[in-house]
Amino acid sequence: MFLDLTMNVAVIIAYLFIIGMLSKEIHKGYIYQTIFHRLDTQLVAGVLFGVLGIILMLFSIQVNAEVFVDLRHIATVIAAMFFGVPAALGSAFIIGIARVVLVGGFSEVSITAMLLMFAIGIVCALMTKLPFIPAIKFIIMNVVSIAIVYLALYFTLGVFNNNYEALMSIYRVDWIIALIGGIISFYVANYIFQSNQNFYKLQEFNQKLEESNYQLEEMKNQLAHREQQYKSLFEYNQSATFTLDLFGHFQQINKSAEVITGYSKDDLQGSTFIPLIDKECIEDTLLNFNKVKEGESVTFQTELVHKDGAIISLTVNTAPIIIEEEIIGVIGVAHDISVQKQIEKKVKESEEQYRSLIHLSPEVIFVLKDTKIEFINDKALSFIGVNQVEELVGESIFEFIHPDDREIVAYRITRAMETNKVSKRLNDIRFLHREGNIVQANVGTKLIKYNGHKAIMGIIHDVTEQKEIEQQLKDANQMLRELSQLDGLTGIPNRRYYDETLATEWDDALANGRALSLLMIDIDHLLYNDTYGHLQGDACLKQVARSIKASVNRPRDFVARYGGEEFSVILPETNLDGALVLAEKIRSDIEHLSIPHKSSKVKPVVTVSVGVASIFPKEHINTEDLIQTADSGLYEAKENGRNQVKADTIDNIKYKIALKT
């Protein structure tokens with residue numbers, strides 16, 4: 001009996017190895033990990049372990065004509081343990097039916113054995129949900145199944161056949177083999193299925209590793225290719241190409257940069273670019289360099305001093321070098337535009353000479369498109385008797401020609417436009433002066449292109465040279481007057497122009513009953529000259545002035561330098577709410593300039609305090625009251641900690657009005 005039961009265990013182990021090999025060949029790759037939970041797999045497992053039960057019955061121990069002892073229940077226990085409820089029920093059903101059909105026939109003993117096999121399947125199916133580790137769960141299933149088998153043997157041998165001696169002999173040997181054989185079978189099955197699973201996991205891992213290695217190799221190749229492209233673009237660029245660190249030291253320089261500077265790569269490597277820049281361009285160049293360090297891409301022009309002392313004009317395209325969202329340097333491409341600059345200079349000089357020749361010419365020069373005057377020089381002013389050239393531009397030439405000559409002039413204009421030919425001889429034409437005089441003149445003409453269109457240029461003899469001198473003197477006086485109204489440092493209107501404008505706007509607001517607002521702006525703790533020097537102090541005032549000017553959008557809004565570090569803004573037709581909004585924008589814009597100011601007690605950057613006043617002018621108050629009100633707001637802003645906007649109250653303004661009345 002011991003050997004027969006041991007043979008059952010050997011059959012189970014051999015069968016498990018066969019199932020393991022088949023499942024390994026059938027299910028490839030990652031899906032092997034999921035087959036144990038698929039219904040089709042569970043049903044097939046039920047059939048396969050049912051077949052195992054039948055095979056075990058072929059190696060069973062025949063106690064008598066109807067009673068057989070074997071380990072067929074282990075097939076159902078393994079099916080339940082690894083493949084779940086459908087496999088447990090399926091294998092138990094097949095083994096039970098086979099017990100009746102193939103072994104024993106439809107006898108009372110066979111039917112009892114079949115029903116108890118069904119019971120084993122149901123019990124194992126229910127026990128698959130037990131919250132134990134697999135080994136413990138299997139032992140419990142096996143022990144319960146052995147108990148059910150012993151219950152069946154008790155009825156078939158003891159109750160039905162009264163053969164208790166045979167029953168006891170089976171009990172003494174079978175339970176040990178069933179228990180140990182079951183444990184061995186469990187670990188063998190677990191080893192086989194786990195090995196297959198691990199095999200495919202390893203295979204999948206190796207495949208992914210190969211793919212990763214391939215991708216890594218591809219990335220290396222792409223990186224090498226891009227590096228080669230970058231190197232080719234950098235080294236062989238015909239324009240000077242370079243990289244700088246954040247302190248302005250050269251990191252990389254191509255051959256074109258060596259040529260354009262006259263210095264070798266060894267000379268430039270690690271040195272700063274500043275000594276290469278012409279002194280007049282250093283400030284603007286540094287300003288643009290700082291913009292790039294802050295993340296902007298900037299294109300600007302500068303001048304470089306060649307090693308031999310020659311001045312080279314450059315257009316420089318720069319951009320920040322950003323690695324992992326951090327700016328680590330600057331890359332730039334410099335184009336030599338010295339020839340272009342020389343050409344532009346010559347063209348400009350030529351144009352200036354041409355314009356000077358036209359404007360200083362003692363003769364009237366004009367351009368006609370069809371019969372309309374497109375251009376005419378200043379000499380026409382005295383010749384025709386008009387005050388401005390604009391009075392002539394756009395007008396028909398026939399308005400200024402004697403009626404008796406208009407027909408011949410019309411014929412010559414039409415013929416010239418149609419045949420592209422003009423008479424080379426001078427034409428005697430009579431012109432009408434605005435005062436009614438007839439002016440006799442010789443006119444020479446030529447076909448030209450003007451603003452992309454066919455036109456006729458003509459020259460009329462001009463004898464009134466004095467008019468040209470007067471016009472030039474008038475233009476010069478206007479320019480001097482404009483210059484006298486501007487602040488020499490900041491380029492915005494000065495105090496004198498400010499006082500004139502405020503008086504004008506006050507009168508307008510008074511006459512029309514409109515609001516007039518005023519901003520007084522003072523830079524907080526401006527000790528720039530002491531801390532940074534006069535040049536930086538002047539640069540600070542310029543930046544602040546530009547910022548205020550940029551914040552003001554309306555044409556009539558007036559920005560001026562009031563004195564020292566004070567600025568003022570006149571806001572016609574603006575109430576207090578609008579003035580406060582603009583004042584806060586000016587204050588915020590200046591703070592966001594981030595001009596360094598380490599000696600400030602407010603912030604480490606330049607800030608301003610703003611006083612605001614808004615009023616409807618009355619007869620009993622004047623501009624001094626408006627300025628005093630804005631100054632009062634400015635004083636309050638300073639007293640409250642600076643870098644803020646404050647406005648005087650309406651009650652205070654009314655109080656001042658009441659005092660004057």
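Visitor: Which element gives the largest share of the lining of the largest cavity?

Guide: In this predicted model, there are four cavities of 30 Å³ or more. The largest cavity holds about 290 Å³ of space. Elements that give two or more residues to its lining are β3 (240-245), α7 (255-261), α9 (282-293), β5 (298-305), β6 (311-323) and β7 (326-336). The largest share, four residues, comes from α9.

Visitor: How many charged residues are in the lining of the largest cavity?

Guide: The lining has 23 residues, and those closest to the centre of the cavity are F242, F250, F273, I277 and V316. By class, 18 of the lining residues are nonpolar and five are polar. The number of charged residues there is none.

Visitor: Is C540 buried or exposed?

Guide: A residue counts as buried under 20% relative accessible area. C540 has a relative accessibility of 1%. Because that value falls under the cut-off, C540 is buried.

Visitor: Which strands stand at the edges of the open sheet?

Guide: Five strands form this sheet, in the order β9-β8-β12-β11-β10, with antiparallel pairing. A strand at an edge has a single partner strand, so one side of it is left without a neighbour in the sheet. The edge strands are β9 (372-376) and β10 (427-432).

Visitor: Which residue in β11 is the bridge partner of D428?

Guide: Strand β10 is joined to β11 (residues 438-450) by six bridges, and the two run antiparallel. The partner of D428 in β11 is N442.

Key. Residues numbered from 1 in each chain as written. Predicted model: local features only at pLDDT ≥ 70, side-chain atom pairs only at ≥ 80, totals over all residues. Heavy atoms only, no water. 1 Å grid on protein atoms, 1.4 Å probe; cavity = no way out; pocket = protein on both sides within 12 Å on 5 of 7 lines; lining within 4 Å. Points joined across faces, edges and corners; volume = space filled by probe spheres on them. Nonpolar A, V, L, I, M, F, W, Y, C, P; charged D, E, K, R; others polar. Buried < 20%, exposed > 50% of the residue type's maximum accessible area, 1.4 Å probe, protein only. Pairing = 2+ DSSP bridges.
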